[in-house]
Amino acid sequence: MTGRRARPKVKKQAAATRRLPDPRKGAPMKVVDRRAEFARLSRLTPPDRDAERAFIDSKLEMIRNDPRLNDADKARAIARLKARNGVSRKDEEG
Amino acid sequence: MARRRSPGKKPPSRNRPPTPRPTPGPHTLTAPAPNAVSKAADLSVHFARISKKTPRNTALEKAFLARKLHTLRTHPKLSRQQRTAAVARFSARLGGIVKRLPPVPGGVGYGMFFTDAFKTDFTHGTGICWDIICPNPPGGNVDTYLYLTATNRTALGVEALIMYNGQNDTSFRVFDWARYPAEPWQTNIPFASLTSYLMPETAHGQSYDTLMLTNLTFKTGSDQWRNQVLLWNQGTEAWELVYDHSYAATLAQQTGDWVGSWGPIVETFQDAYSGTERMGSLSTQMITRTASGWGAWTNLSGTQSEIRTDNKGFDVVFLDANHNWAVES
């Protein structure tokens, strides 16, 4: 990410984001596409299964300790998270 | 407890005969009731004998002590100095067992949760832009994971986060909830590679290293949605799209879940923190897209969000409700 850069391409935004304002200035947002570079860099790092497991475990703990939820809400949220099996599964259910 | 059974009555039928019950002698105690003295049977030996027969659960006993220590370390009514003194006194009483106590996992060190009304107040898209105050290393006693993360209100959006793992392993990650559980982890960039994305920002007279990012989820067609993550490159002064994913989902799926309920938070993995550098969020802005297009970015307000802290040892350095804040421990 540091040092010299190839000429970045300005990505044509999909219709939905074309009128997205820049949070810094309010003018229409101009975006440079760096997806390929970030994907390539990400592939260099081997997956850390412990870290990945910890991410979901932590979310379950956040639900258990959420002071805004009652016991039934917590049980429902935990069950939903545990049962969640990606969008395709949800689509089948929905 | 001290009720007597009449001598002629048969004992209840059981497979095992009950522990012989001693004849309690009269024992005079000062009564709790005012101006009175009551008599009580002394069954302490009997109870001690039964207790000895029950196998010890050392894990449970340690968890009990760990919880007490955690309560002290994170007591919301004590100042940091008072907490430190109380923990030192209690630890001294516990002795060597302190080192073997298990951590209390999971939690929110500090941060914002969206109100129920605001969480679901979008139909075609939502986004969050925030400048993450992300020191590196995190300092203090961080010796496992710690996240600086946020959602944009959607249940199938992404978390674009700073992940600390101890003092020497910091990275920028993207976890895409739309791809969970098959392949949710999509981006993993070592912090050292983010130099040109970091920028100094001043808040309340202090300069902080921040990473500005935008996290969007928006509808692209009938039941078609897209997640995007953009980073502000301070070096080139441009927004850069670093992650993008399209998928099928309904609005009900995007709004009807606990996932998506948190804005910027410090997500914790230890029972108590001390000595950490300042962390937090500056200029947290939200945007909503309706059928007619994107609205305007507005600061996250106190009516759109509420503060959650699980008392993990973090103290508020400043709070501009609720778009600017920093904590330290």
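**Domains of chain B and its interface with chain A**

Chain B is divided into two domains, domain 1 (39–102) and domain 2 (108–328), with bounds taken from an automatic or database domain assignment. The structure is a predicted model, in which local features need pLDDT of at least 70, side-chain atom pairs count only at pLDDT 80 or more, and totals for chains, interfaces and linings use all residues. Residues are numbered from 1 along each chain as its sequence is written, and chains are lettered from A in the order in which they are written.

The C-alpha centres of the two domains of chain B lie 38 Å apart. Contact, defined as C-beta atoms, placed from the backbone, lying within 7 Å, links 5 residues of domain 1 to 6 residues of domain 2. On the domain 1 side, these comprise 1 nonpolar, 2 polar and 2 charged residues. Here Ala, Val, Leu, Ile, Met, Phe, Trp, Tyr, Cys and Pro count as nonpolar, Asp, Glu, Lys and Arg as charged, and the others, Gly among them, as polar.

Between the chains, 44 residues of chain A are in contact with 56 residues of chain B. On the chain A side, the largest share, 9 residues, is contributed by α3(A). The residues of this side divide by class into 20 nonpolar, 9 polar and 15 charged.

Strand pairing also connects the two chains: β1(A) and β12 of chain B (residues 238–248) run parallel and are joined by 3 bridges. Within this pairing, A:Val31 has B:Trp239 as its bridge partner. Helices (H or I, at least four residues) and strands (E, at least two) are DSSP runs, numbered from the N terminus, and two strands pair if DSSP finds at least two bridges between them.

Notes:
Contact = placed C-beta atoms within 7 Å.
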